[in-house]
Amino acid sequence: MLTNSIFNFGIEEKLKKILYIILISCFSITIFSCAKKDSTSSTTSSPLYVSVGVNGTILTSSDGTTWTSRTSGTSNNLVGVTYANSTFVVMGGSGTILTSSDGTTWTSRTSGTTEGLYEGTYGNSTFVVVGDNSTGSGTILTSPDGTTWTSRTSGASNRLFGVTYANSTFVVSGTNGTILTSSDGTTWTSRTSGISEGLYGVTYGNGTFMIVGDSGTIITSSDGTTWTSRTSGTTNVLWGVTYGNSTFVVVGPSGSIYTSSDGTSLTSRTSGITNDLWGITYGNSIFVTVSYGGDILTSSDGISWTSRTSGTTNALYDVTYKE
């Protein structure tokens, strides 16, 4: 899947819904990050948002308003970022994994794979990262500390795009309706989603797992095992989802943003931009979402959004928060 990019990654699946994005052959820029947009926080020194993107882009902010560019030490596309156990973990093209304790100084880690890595989370004292399937199986890596990584057998032949941890359960989403669950990150069980669409962002809130994907797909579950299809009111692909302030917030193409109080239906909101939104997180009473055009938007309620100066026009794929 990759080479210098991580965006061969699901390009067929994910961009099939967005005709206006011009695909560049060979690994230039491509797309996405499911979103994360969940972040399991651990308290260290001070609040910090971290966003990642194309060509090794890393930005940080203490308040979501003012952003600073950081040196990542790589030119590979960075697609996912999570925070836990006093450690930021970033993942991306060609098996790239970077870690940092402060968001400023980054260290490259050996992942043991050259697969594209798309998203990560932390739970049960374990980081879990998911990714591409060029070897015939969707990639899953685990680590106790973000430094040493072990490959796990996913049992799925599809690309894996999203992962979260809640309710003592890891939930992974992927192409062709793939859903996997695990209590420990090591042994994985395939679940029936009831759909064949690509599934990207996954989050948990209000006692509910929510996964979003192609063709406006939304499915929810209370336990990660039994899933129910919901009406989104859109046929657009949905890339990312997070939960905060008693609200699910979903993002997608052309600046689309939707909110839901219960995960069963969505209300469209005005973002004020036309670039695709991919990553979204919630922290310090603020939603932060990032876009293909380097846009960063913030909101206290998920309804009214303010554009912030990112200092870059590079595509941004994901964002996370640590307290």
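These are my notebook entries on what I looked up in this structure, which is a predicted model.

**Entry 1: overall make-up.** I began with the secondary structure and found 1 helix and 28 strands in the protein. Next I looked up burial: of the 323 residues, 60% are buried. The accessible surface is about 11100 Å², and carbon and sulfur atoms hold 42% of that. I also looked at contacts with a separation of 6 or more; 50% of them join residues 24 or more positions apart.

**Entry 2: the nonpolar core.** I looked up the largest nonpolar core and found 11 residues in it. Among them are Leu-48, Val-50, Phe-88 and Trp-106. Strands β1 (48–53), β4 (78–84) and β5 (87–92) each give this core at least two residues. In general, nonpolar side chains of soluble globular proteins tend to be buried together. I then picked Ile-58, a member of the core. Leaving out residues up to four places away in sequence, I found that Ile-58 touches other residues including Val-50, Val-52, Leu-78, Leu-98 and Trp-106. Ser-51, Thr-68, Arg-70 and Gly-103 are also among the residues it touches.

**Entry 3: a four-stranded sheet.** I followed an open sheet of 4 strands, ordered β20-β21-β22-β23, with antiparallel pairing. Strands β20 (240–244) and β23 (267–269) are at the edges; each has a single partner strand, so one side of each lacks a neighbour in the sheet. On average, neighbouring strands here are turned by 25 degrees against each other, direction ignored. Ile-257 has Arg-269 of β23 as its bridge partner.

**Entry 4: a loop residue.** I found Asn-206 in the loop between β16 (199–205) and β17 (208–213). Beyond its neighbours within four places in sequence, Asn-206 contacts Tyr-243, Ser-261 and Asp-262.

**Entry 5: charged pairs.** How many salt bridges does a search of the whole structure find? I got 1. Arg-159 pairs with Asp-132, and the closest N and O atoms are 2.7 Å apart. Arg-159 is in the loop between β11 (150–152) and β12 (160–166), while Asp-132 is in the loop between β9 (126–131) and β10 (139–143). The pair is 27 residues apart and links distant parts of the chain. Are these two residues buried or exposed? Arg-159 has a relative accessible area of 12%, and buried means under 20%, so Arg-159 is buried. Asp-132, at 1%, counts as buried as well.

Technical notes:
Residues are numbered from 1 along each chain as its sequence is written. This is a predicted model: local features need pLDDT of at least 70, side-chain atom pairs count only at pLDDT 80 or more; totals for chains, interfaces and linings use all residues. Side-chain values use heavy atoms; hydrogens and water are left out. Two strands pair if DSSP finds at least two bridges between them. Axes are lines fitted to C-alpha atoms, for helices over the stretch in contact, and angles run from 0 to 180 degrees between N-to-C directions. Buried means under 20% relative accessible area, exposed over 50%, partly exposed in between (1.4 Å probe, protein chains only). Contact means heavy atoms within 4.5 Å. Accessible areas come from the Shrake-Rupley method with a 1.4 Å probe; for residues, only the protein chains shown count as cover. A nonpolar core is a set of buried Ala, Val, Leu, Ile, Met, Phe, Trp, Tyr and Cys residues joined through side-chain atoms within 4.5 Å. A salt bridge is a side-chain nitrogen of Lys or Arg within 4 Å of a carboxyl oxygen of Asp or Glu.
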